Amino acid sequence: MNSTAAEPTALPSAPAAPGAAIEVEGVARSFGDVHAVRDASFTVQPGSVTALIGPNGSGKTTLLLMLATLLRPDTGTIRIAGHDPVADPRAVRQVMGWMPDVLGSWGSVTVRRTLEITGRLYELGPEQARARAQQLIDLVGLEALADRPTRVLSRGQKQRLSLARALVHQPRVLLLDEPASGLDPAARVELRVLVRRLASEGVAVLVSSHVLAELDEMADAAVYLDRGATASAERIEQSRARVRDWRVRAIDPVALAAALERLGVPAGEPDHLGTTVAVAGEQEAASVLARLVAENVAITAFGPAVGELEATFLDLARSADGRADGTADTVPDAGAAGAGATDAGAADPASAPTEGSAR
């Protein structure tokens with residue numbers, strides 16, 4: 001992504017939509033005896049970034065495919081900006097951008113032409129499509145490759161193109177599946193800045209990623225999915241209330257260790273990152289810090305050992321009673337995905353960019 005290009009290619013603010021931008025209630029999807037999604041319920045608000053978190057096999061990809069109109073749920077309801085993906089997939093695709101984990105592209109077609117074609121499929125006029133393609137090429141930093149065929153793109157460059165394609169029609173809802181995969185560190189930072197910027201303009205973003213540290217810096221909220229079911233608010237609150245490790249560093253590690261022992265604060269073995277102490281919440285952490293300062297210990301760093309999302313995810317995983325047989329994170333075969341897409345109306349012309357992105 002090209003952060004310097006962001007200002008001149010500013011995206012217009014998305015129109016405000018009443019209520020939740022994404023509403024999922026009691027959604028389930030199975031493939032034979034494989035229960036990919038068992039019971040998913042959550043909402044995503046306009047102008048927010050929500051992380052979709054779960055281990056491999058938790059049903060994240062299947063859930064995203066249902067939101068993207070490419071699979072029909074067996075039970076439950078989904079609304080995207082008020083539209084039903086099953087009853088009116090065309091309306092959903094007009095307001096939703098979909099970035100899959102793997103870009104499906106035409107290898108002999110240039111980056112620029114790919115975006116122009118996508119714009120035309122979303123019913124932009126020829127001049128609009130050309131202008132929008134150039135805006136997005138600048139935005140995602142593909143200027144040097146704009147007139148090269150997409151087959152020459154690296155994994156990270158394909159991710160940039162996939163994101164640009166998802167933004168062609170200025171969607172109000174954006175689904176991102178592993179968007180940072182293959183990106184270098186600088187591009188990951190630029191992606192995070194762009195996603196936050198889109199949210200500030202009113203776009204509702206749902207992003208799935210295994211890089212929880214990055215999601216911690218990007219997301220306003222999180223949906224935890226395990227064995228095909230979303231974790232309840234009560235489970236999440238219980239997890240957050242448990243004792244967690246914080247890491248403390250001091251100029252004099254020996255003085256720090258002595259002070260922790262005098263204060264009776266349980267501490268782990270120090271390492272190159274510092275010393276971990278077990279605390280129950282931010283209030284207790286603040287108390288420990290104040291007491292260490294009162295002991296004249298020169299503290300240089302004090303904070304959670306891992307991010308909030310990672311800590312909650314790990315705690316929920318530990319509390320789960322094993323994994324249920326038959327839970328899957330991916331569609332068992334392309335035929336199943338294709339059948340779902342056809343059921344949901346993927347033959348509609350407005351769906352062509354989405355279908356091309358699916359696999």
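**Close-up views of a predicted model**

View 1. Strand β1 covers residues 22–31 and strand β2 covers residues 34–44. The two run antiparallel and are joined by seven bridges. β1 also pairs with strand β4, residues 75–80. That pairing is antiparallel too, with five bridges. In β2, Glu-23 stands opposite Thr-43. Strands of a sheet pair through backbone hydrogen bonds, in a parallel or an antiparallel sense.

**View 2. The whole chain, for orientation.** The protein chain has 359 residues, of which 49% count as buried. Its secondary structure comes to 13 helices and twelve strands. Take the contacts between residues at least 6 apart in sequence: 78% of them join residues at least 24 apart.

**View 3. Helix α1, enclosed.** Helix α1 spans residues 60–67. Eight of its eight residues are buried, so the helix is largely enclosed by the rest of the structure. The buried set holds Lys-60, Thr-61, Thr-62, Leu-63, Leu-64, Leu-65, Met-66 and Leu-67. Thr-69 follows α1 and has a positive phi, near 75 degrees.

**View 4. Helix α3 against helix α4.** Helix α3 is made of residues 111–121, helix α4 of residues 126–140. They pack at an angle of about 130 degrees, and their axes are 8 Å apart. α3 and α4 are therefore oblique to each other. Their crossing is right-handed. On the α3 side, the contact uses Val-111, Arg-112, Leu-115, Glu-116, Gly-119 and Arg-120. On the α4 side, it uses Pro-126, Ala-129, Arg-130, Ala-133, Gln-134, Leu-136 and Ile-137. By class, the α3–α4 contact has seven nonpolar, two polar and four charged residues. An α-helix has 3.6 residues a turn, so residues three or four places apart point the same way.

**View 5. Helix α3 against helix α5.** Helix α5, residues 155–166, packs on α3 at an angle of about 25 degrees, with the axes 10 Å apart. That makes α3 roughly parallel to α5. The α3–α5 crossing is right-handed. Val-111, Thr-114, Leu-115 and Thr-118 are the α3 residues in this contact. They meet Leu-161, Ala-164 and Arg-165 of α5. The residues of the α3–α5 contact divide into four nonpolar, two polar and one charged. Val-111 and Leu-115 of α3 take part in the contact with α4 and in the contact with α5.

**View 6. Strand β8 between two partners.** Strand β3, residues 49–53, and strand β8, residues 221–226, run parallel and are joined by four bridges. Ile-53 stands opposite Tyr-224 in β8. β8 also pairs with strand β9, residues 229–230. Here the strands run antiparallel, with two bridges. Asp-226 has Ala-229 in β9 as its bridge partner. β8 and β9 form a hairpin with two residues between them. In its turn, Arg-227 has a positive phi of about 50 degrees.

View 7. β10, residues 244–250, pairs with β12 in the antiparallel sense over five bridges.

Key: Residues are numbered from 1 along each chain as its sequence is written. This is a predicted model: local features need pLDDT of at least 70, side-chain atom pairs count only at pLDDT 80 or more; totals for chains, interfaces and linings use all residues. Side-chain values use heavy atoms; hydrogens and water are left out. Axes are lines fitted to C-alpha atoms, for helices over the stretch in contact, and angles run from 0 to 180 degrees between N-to-C directions. Angles under 35 degrees count as roughly parallel, over 145 as roughly antiparallel, 65 to 115 as roughly perpendicular and the rest as oblique. A crossing is left-handed if the near helix is turned anticlockwise from the far one by less than a right angle, and right-handed if clockwise. Contact means heavy atoms within 4.5 Å. Ala, Val, Leu, Ile, Met, Phe, Trp, Tyr, Cys and Pro count as nonpolar, Asp, Glu, Lys and Arg as charged, and the others, Gly among them, as polar. Two strands pair if DSSP finds at least two bridges between them. Buried means under 20% relative accessible area, exposed over 50%, partly exposed in between (1.4 Å probe, protein chains only).
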